[in-house]
Amino acid sequence: MTKYIDYKNEISDTDLYDGLVGYGLFAEKIPNFLTSVDFLAFTKIPPFPVSNKPKDFIRYSSMRNINIPRPMAIPEPFAYSSQAKSLSDNWTELQNHFSEKTSNDAFKISRIHLRKLLNRPELFEMNYKNFTKDGDPEQDIVIKSKYVALADISNCFPSVYSHSISWALVGKTYAKSKSKPSDRNEWFNQIDFYTRNLKHGETNGVLIGPHSSNLISEIILVSVDKELTKDGFKYIRNIDDYTCYVDTYEEADRFFLCLSEELKKYELALNSKKSKIIPLPLASVKNWVTKLNHFNFTNTYIVNNKEAIRVKELKGFIDFAIELMLIEDSDASVLNYAIKIISNKHLDANAKDYYIKQIHHLVLLYPYLVNLLEQKVFEPHQIDKNIIKKIAQDIYAYGVKKKIHEACSYAIYWAIKYDFEIEILTIKQDSITSMDCIFLMISYLYDKKHNETSYLKEYIDLSKSLKRVEFDRYWLYIYETLTSSELADNYKTMKKNGLTFIKPEFC
């Protein structure tokens, strides 16, 4: 079984920088029309465009599986590349840190982290798994256990205290002794400094979205892991979610206390509302995953090496998934997982017709599913673009009504990707009213494709206005809509060289 540090040692300092800057600037939850590959190339042309000033960032909300929005961010690119460079320049020290904190682990505790992905340049994917390398330690550590203790960190990323990065790396006492202005060039202080610059220069919170934040959180949380394993606890961690297996109820309580104490050392706190102790085997963690995976599809057949299911069995599976979701307090991640299972099946004409109508209905109830549809429904089942258009128009109207700008953005994104016109006349005004950067950007691209240049004037006027007062919060929109003569510094140079953050098929 591969050790935690082996994953980090597979990544070179160049791999780290390229992965973070070229493929980790834009969060996976954003409609897939953005790229930072051109920007990566630009930063590699000497001299390196260092940004030493605190910057603001683009706000973006993505619906969570409980239908509550999660605030996400796109950092100002030059501040982000400077942070990535500080991480890359000090990668050897960071590798030593990860080695020291995890070398005595009997198994890989942290399950979701930066790593080399198979035949892909990205270094992070939320749900990426490789059971051959990762193993499944839960099967072993559950054997002598009678209870499972579940816990997570309260508002983990927004609560990260930037100075705690240094505390984790070199110890709190030493880090505090090196906190004078003259100590700014200490390697650990450099990482702290460039991390703060992504968020106004503030010490509280790291941005949710850019892949560098996942590396920053691991720097701190592997330090917590080391102390908990010293106390004999056996658990796994999925970013900030803990699953600990214990022999007694008292031991579960002790885990919560010890975890809370270790988190306090880094100004983090346990989410007491989500901490719970479950007896085994009466309830297993996320047992709905097992139930969905073992659903008995009867009367199946094979088409193109895929298991084909008929409408009767499909109805039974969807109903079963909805029942499980309701048991799990309306956690739409159950539906998410069910849709992923169906994406690997072949559906006959009747089954496909039923399925797409159900998806149309469910996405309006649970807009969390919107970012799943392209890869897990439209593409694998070859859904006709006229059907996608109907879904897009309804999800757009729903998004405007509920002020869920993510839903509106996806609807317009599908219209561009699948080449149809969305029959809504208020797109420009809706997006300008929203002041949501991604909604504005994708709406501009749509109207640029379907309308005369004069129609874009309001978009351009808004960019000029924002450039004067809130450039960092709308840098993407401003950069892509204005000419090089209206931009300054590195943005002006990039624009003159024809660099863009928009994928070619959406330009």
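1. A quick word on terms: helices (H or I, at least four residues) and strands (E, at least two) are DSSP runs, numbered from the N terminus. With that in hand, N304 sits in the loop between β7 and β8 (306–309). Its phi is near 50 degrees, a positive value in a residue other than glycine. N304 is also exposed, as its relative accessible area is 70%; here exposed means over 50%, buried under 20% and partly exposed in between (1.4 Å probe, protein chains only).

2. Keep in mind that this is a predicted model, where local features need pLDDT of at least 70, side-chain atom pairs count only at pLDDT 80 or more, and totals for chains, interfaces and linings use all residues. Residues are numbered from 1 along each chain as its sequence is written, and side-chain values use heavy atoms, with hydrogens and water left out.

3. N299 is another one to look at: it has a positive phi of about 60 degrees although it is not a glycine. You'll find N299 in the loop between α14 and β7 (301–303), and it counts as exposed because its relative accessibility is 52%.

4. Now the cis peptide bonds. One joins P46 and P47, with omega about -5 degrees, and P47 belongs to the loop between α3 and β1. Another joins L280 and P281, with omega about 0 degrees; P281 is placed in the loop between β6 (276–279) and α14 (287–293).

5. S51 lies in the loop between α3 (37–43) and β1 (57–63). It counts as buried because its relative accessibility is 9%. Leaving aside neighbours within four places in sequence, S51 is in contact (heavy atoms within 4.5 Å) with F78, A79, S82, Y194 and N197.

6. As for the whole chain, the secondary structure comes to 25 helices and nine strands. Of the 507 residues, 53% count as buried. The C-alpha atoms fill a box of roughly 70 × 65 × 40 Å, taken along the principal axes. Among contacts between residues at least 6 apart in sequence, 72% join residues at least 24 apart.

7. Which residues line the largest cavity? They are Q83, T195, L198, K199, G205, V206, L207 and S213. A cavity is a set of points, on a 1 Å grid over the protein atoms alone, where a 1.4 Å probe fits but cannot get out, and lining residues have an atom within 4 Å of a point.

Notes: On a 1 Å grid over the protein atoms alone, a cavity is a set of points where a 1.4 Å probe fits but cannot get out, and a pocket is an open set with protein on both sides within 12 Å along at least five of seven lines; lining residues have an atom within 4 Å of a point.
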